[in-house]
Amino acid sequence: MENNNLENQKYIRAQKKVKAIKGFYVHLFVYLGVNAFLILARIISGEGVGILLDWSSYGTMFFWGIGLAFHAFGVFGMDFILGKSWEDKKIKELMDKDKKQYWE
């Protein structure tokens with residue numbers, strides 16, 4: 001009975017994680033769609049392609065992007081930036097590099 005409860009808890013945690021990941025991807029696609037629309041609308045409105053050089057064209061994208069980055073960090077944690085086994089790979093790489101330098 002206890003094993004069944006443990007499996008149920010694992011399932012609920014996995015289900016919450018999947019919902020969080022799905023929520024992040026929805027946020028990402030809305031971000032991309034809205035920002036693409038805003039840039040295209042400014043280009044089409046007669047301001048032309050030169051508007052792409054104006055900082056104000058990227059304000060929404062930049063500040064919303066910061067929020068999106070925090071959302072990604074909240075969902076994926078450090079794995080999002082460095083990967084799950086980044087430290088182990090980096091340690092091995094540095095040890096191999098050190099071994100080569102020592103023997104050469």
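Is N35 buried or exposed? N35 is buried, with a relative accessible area of 6%; here buried means under 20% relative accessible area, exposed means over 50%, and partly exposed lies in between, using a 1.4 Å probe and protein chains only.

A word on the basis of these values. This is a predicted model, in which local features need pLDDT of at least 70 and side-chain atom pairs count only at pLDDT 80 or more, while totals for chains, interfaces and linings use all residues. Residues are numbered from 1 along each chain as its sequence is written, and side-chain values use heavy atoms, with hydrogens and water left out.

Back to N35, which sits in helix α1. Helices are DSSP runs (H or I, at least four residues) numbered from the N terminus. Leaving aside residues up to four places away in sequence, N35 touches T60, M61 and W64, where contact means heavy atoms within 4.5 Å.

L32 also has its place in helix α1. With a relative accessible area of 45%, L32 is partly exposed. From C-alpha to C-alpha, L32 and G65 are 9.7 Å apart in space, and they are 33 residues apart in sequence.

Now for the core. The largest nonpolar core is made of 5 residues: F24, Y31, L68, A72 and V75. Such a core is a set of buried Ala, Val, Leu, Ile, Met, Phe, Trp, Tyr and Cys residues joined through side-chain atoms within 4.5 Å. Two or more residues come from each of α1 (2–47) and α2 (59–76), and α2 gives the largest share, 3 residues. In soluble globular proteins, nonpolar side chains tend to be buried together.

Rings of Phe, Tyr and Trp (its six-membered ring) pair if their centres lie within 6.5 Å; planes under 30 degrees apart count as stacked, over 60 as edge-to-face and the rest as tilted.

| Pair | Centre to centre | Angle between planes | Type |
|---|---|---|---|
| F62 and F63 | 5.0 Å | 80 degrees | edge-to-face |

Because F24 lies in helix α1 and F76 in helix α2, their pair ties together parts that are 52 residues apart in sequence. Ring pairs also link F24, Y25 and F76 into a cluster. As for the other pair in the table, F62 is partly exposed at a relative accessible area of 43%, whereas F63 is exposed at 55%.
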